[in-house]
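Hello,

I am handing over the structure below. Please have it open while you read; my notes follow.

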Amino acid sequence: MNPIHLAYRLAQHIRLLYWRVAKPEVYGVKMLAFNDADDLLLIHHSYGRSELFMLPGGGIESGEEPAQAAIRELAEETGCRARDVQFLGQYLGTATGARNHVHVFTARTSDAPRIDGREITEARFFALDALPDTAAPSVLRRLADWRRGGPTSSDW
């Protein structure tokens, strides 16, 4: 296994152990990023549920607005620049032990994804009628919310 991927997996394991014990309030973002053909950008992480395709996203830094964090995370993870950013909804996830407040946004990008191969091992666009079988359930729920025009539940 790649030593960098191993380090990311170890760091994620430690973070999840801490969250199970401390049960902190954490704040993050996810982005439904669409290209000009209306395809959805999905990523594979080098850690965690690395077999699943997920939405790009991450943590909100101190003093950062959620929309700024979503734009930053999209750029960091995929090299894509966001335009036409819209707020979809805020969700609460508790499965990891933390109270994870996730702000979800939609955006457009004309960029092709570029990854560094460390945290993200794959990033690519998928047609909405041809999503991979390994798309995370949360991806499918957020797409359903987007199609409805907003969330019907605050549960992640």
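Start where α1 ends: K23 follows the helix and has a positive phi, near 50°. The model is predicted, so local features need pLDDT of at least 70 and side-chain atom pairs count only at pLDDT 80 or more, while totals for chains, interfaces and linings use all residues. Numbering runs from 1 along each chain as its sequence is written, and side-chain values use heavy atoms, without hydrogens or water.

Helices (H or I, at least four residues) and strands (E, at least two) are DSSP runs, numbered from the N terminus.

**Helix α1**

α1 covers residues 3–22, 20 residues in total. From first C-alpha to last it reaches 28 Å, close to the 28 Å expected at 1.5 Å a residue (1.5 Å times one less than the number of residues). At its start, a side-chain oxygen of N2 comes to within 2.8 Å of the backbone nitrogen of I4.

H5, Q12, L16 and W19 are buried (under 20% relative accessible area, 1.4 Å probe, protein chains only; exposed is over 50%). They lie on the same side of α1 because they cover an arc of only 60° around the axis, taken from the directions from the axis to the C-beta atoms. The buried residues pack against β1 (25–34) and β6 (120–126). P3, L10, I14, Y18 and V21 are exposed on the other side.

**Strands β4 and β5**

β4 (residues 83–93) and β5 (residues 99–108) run antiparallel, joined by 8 bridges (pairing takes at least two DSSP bridges). G89 sits opposite V104 in β5. The hairpin has 5 residues between the strands, and G97 there takes a positive phi near 105°.

Best wishes

Technical notes
Contact = heavy atoms within 4.5 Å. Polar contact = N/O pair within 3.5 Å; in protein donor to acceptor, adjacent residues only side chain to side chain.
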